[in-house]
Amino acid sequence: MIRVVILGAGNVAQHLYTAFSNQASIEIIQCYNRKGLKLHPDQKKSSIITSLKELDIADVYLLAVSDDAIAEISSKFPLKNQLVVHTSGSVPMAAIDDSNRKGVLYPLQTFSKDKTIDFSAVPFCLEAEKEQDLELLKKLGSVLSQKLYEISSEQRNALHVAAVMVNNFTNYLFSIGHDICKENNIPFEILHPLIKETAGKITTMDPDLAQTGPAIRNDGNTIDRHLNFLSDTTQKEIYQTLTKAIQSKYGKKL
């Protein structure tokens, strides 16, 4: 049995609580957040603490908090030489206070409040100072997923940048497409098959080989028509920037 304390009350904390609470080999002994919020409707109020001074001894303390809060909260731990692990994609393991053993358990996925996560498909990036702590994190992560990767802080930072590119930025482009459709009385669902095919394609082939469109074809007439159509300055700048980037990478010129 792995005894776990979850610190935080955001989306990651809530999803991890729900996932771990359904596992027979995991015991969530406490959850900490300053407002005393429940992470799940069925959670017992007695397991929630609002002061770090109330922390009990556990095998792992999961800091599922904002990036800026990791150093601050870890520095206020009343317990020493415990395994304190954060779940951030971009914060180095070194941000955790030196009074405790350090580790990272980073689930590489986007978390929304009301969207159920299938953790069996989620990669977990693991890091720890000590080998025995790394083995414990592997054991903890394997309860939810078999996709476990030993990733250093430097690698994880690079991975997080890549994740922002393929997730956050592409989602913003989806929102632009949604806006354009809405403004022109077109159902956005018409684009759903294209979005799915685009995302699915790069799981079986190199993205460079999957690149299509007027930019890589150097189709100046189509590009000009698109730019003339776009009246929103930001949308036009994004179109121009991405077109130049694609043509630069693939050896084309505007």
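I take buried to mean under 20% relative accessible area, exposed over 50%, and partly exposed in between (1.4 Å probe, protein chains only). The model is predicted, so local features need pLDDT of at least 70 and side-chain atom pairs count only at pLDDT 80 or more, while totals for chains, interfaces and linings use all residues. Residues are numbered from 1 along each chain as its sequence is written, and side-chain values use heavy atoms, with hydrogens and water left out.

Entry on H1. I took helices (H or I, at least four residues) and strands (E, at least two) as DSSP runs, numbered from the N terminus. In helix H1 (residues 11–21) I found Ala13, Gln14, His15, Leu16, Tyr17, Ala19 and Phe20 buried. I then looked up their cover, which includes strands S1 (2–7), S2 (26–32) and S4 (60–63) and helix H3 (131–142).

Entry on Phe124. I placed Phe124 in strand S7 (residues 124–128). Phe124 counts as buried because its relative accessibility is 0%. Contact means heavy atoms within 4.5 Å. Leaving aside neighbours within four places in sequence, I list among the contacts of Phe124 the residues Leu105, Tyr106, Pro107 and Phe119. Phe124 and Lys138 lie 14 residues apart in sequence and 9.1 Å apart in space, C-alpha to C-alpha.

Entry on H4 and H8. I asked which residues of H4 and H8 meet. Tyr172, Leu173, Ile176, Asp179 and Ile180 in H4 meet Thr234, Gln235, Ile238 and Leu242 in H8. By class, I have six nonpolar, two polar and one charged residues in this contact (Ala, Val, Leu, Ile, Met, Phe, Trp, Tyr, Cys and Pro count as nonpolar, Asp, Glu, Lys and Arg as charged, and the others, Gly among them, as polar).
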